[in-house]
Amino acid sequence: MFHPFTAMHGWAMVAGIAGISSIIALGKTGGRNERIARGLLAFLCLTAFGYTQAAWLTIDGDPDLDSSLPLQLCDLAAIIAGFALITEKRTLCLLTYFWGLAGTIQALLTPAITVGFPHPAFFSFFVHHFAIVGAAFYLPIIRGWRTERPWWKGPLTALLLGDLYVLLSMVVNAWLGTNFGFTAHKPVNPSLLDHMGPWPYYLLGMQVMAVVLFSLLALPVLGRKEDLERQAARTPGL
């Protein structure tokens, strides 16, 4: 049984940080090693829903729609991150960075899982989420991705696309009785949402938190004019 903020959780975080650090260190060596590191990270992101599904199928009981459809935010973030690493398209990189660091890190700090070590679902959860976070760090550190000026443009884009996801998830949840994006109700496990009031007020709290985190995250990756020109020449279009 998994419980957040225990030794099991702590060791999972240590292992994930070590894994990300190793991939970034390999990427820093450049050349063939960089392509291997980026390819491995992209593979872990693009196959995340598949290996997560395979892990959860080992648990007795009928699967629910919440875990059977790739519509949780971290499912979409993993797919976006995988293609961002391969194509380096600006919007994909932007969403990987802001959603990965502002959202997925929170999922790692307060995991919405009930099974613990050594269950396959325990491993798949942390590999899935750390792969997204790894991509969010890899793109600016190794690939030199930078967000556009003025400083608010990147956070605003990430926020508006995040709001679009929230609206669509609410429609799907009302239709299917699911809880994608936790927009129907809070997760069972403890999370930051517990401190933001009841539904629907915690949805507003999520907005405020996103604005603050996105704004802070934009500061270290603001591109200089020459950086942005070089980036645009290397990866034109979206």
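Student: Which residues in α7 meet α1?
Tutor: Keep in mind that this is a predicted model. On the α1 side, the residues in contact include Met8, Ala12, Gly16, Ile20 and Lys28. Their partners in α7 are Phe122, Phe126, Phe130, Val133, Gly134, Phe137, Tyr138 and Ile141.

Student: At what angle do α1 and α7 pack?
Tutor: Two numbers describe a packed helix pair: the angle between the axes and the distance between them. For α1 and α7, the axes are 9 Å apart. The crossing is right-handed. The angle is about 40 degrees.

Student: Which element gives the most to the lining of the second largest pocket?
Tutor: Start with the space, about 280 Å³ in this pocket. Its lining has 15 residues, with Ala15, Gly16, Phe126, Val127 and Phe130 nearest the centre. With seven residues, the top contributor is α1.

Student: Of which class does the lining of the second largest pocket have no residues?
Tutor: Count by class again. The lining has 13 nonpolar residues and two polar ones. The class with no residues there is charged.

Student: Which residue meets glutamate 34 in a salt bridge?
Tutor: Side chains of opposite charge can pair when their charged atoms come close. Here the N to O distance is 2.9 Å. Both partners lie in helix α2, four residues apart, about one turn of the helix. The partner of glutamate 34 is arginine 38.

Student: How many salt bridges does the count come to?
Tutor: The pair of glutamate 34 and arginine 38 is a salt bridge. By the rule used, a Lys or Arg side-chain nitrogen must lie within 4 Å of a carboxyl oxygen of Asp or Glu. The count comes to six.

Student: Where does proline 118 lie?
Tutor: Look at the bond from phenylalanine 117 to proline 118. That peptide bond is cis, with omega near 5 degrees. Most peptide bonds are trans. Proline 118 lies in the loop between α6 (90-109) and α7.

Student: What is omega for the bond from arginine 149 to proline 150?
Tutor: Proline 150 is in the loop between α7 and α8 (153-176). The bond from arginine 149 is cis. Its omega is near 0 degrees.

How values were computed: Residues are numbered from 1 along each chain as its sequence is written. This is a predicted model: local features need pLDDT of at least 70, side-chain atom pairs count only at pLDDT 80 or more; totals for chains, interfaces and linings use all residues. Side-chain values use heavy atoms; hydrogens and water are left out. On a 1 Å grid over the protein atoms alone, a cavity is a set of points where a 1.4 Å probe fits but cannot get out, and a pocket is an open set with protein on both sides within 12 Å along at least five of seven lines; lining residues have an atom within 4 Å of a point. Grid points are joined across faces, edges and corners, and a volume is the space filled by probe spheres set on the points. Helices (H or I, at least four residues) and strands (E, at least two) are DSSP runs, numbered from the N terminus. Ala, Val, Leu, Ile, Met, Phe, Trp, Tyr, Cys and Pro count as nonpolar, Asp, Glu, Lys and Arg as charged, and the others, Gly among them, as polar. Axes are lines fitted to C-alpha atoms, for helices over the stretch in contact, and angles run from 0 to 180 degrees between N-to-C directions. A crossing is left-handed if the near helix is turned anticlockwise from the far one by less than a right angle, and right-handed if clockwise. Contact means heavy atoms within 4.5 Å.
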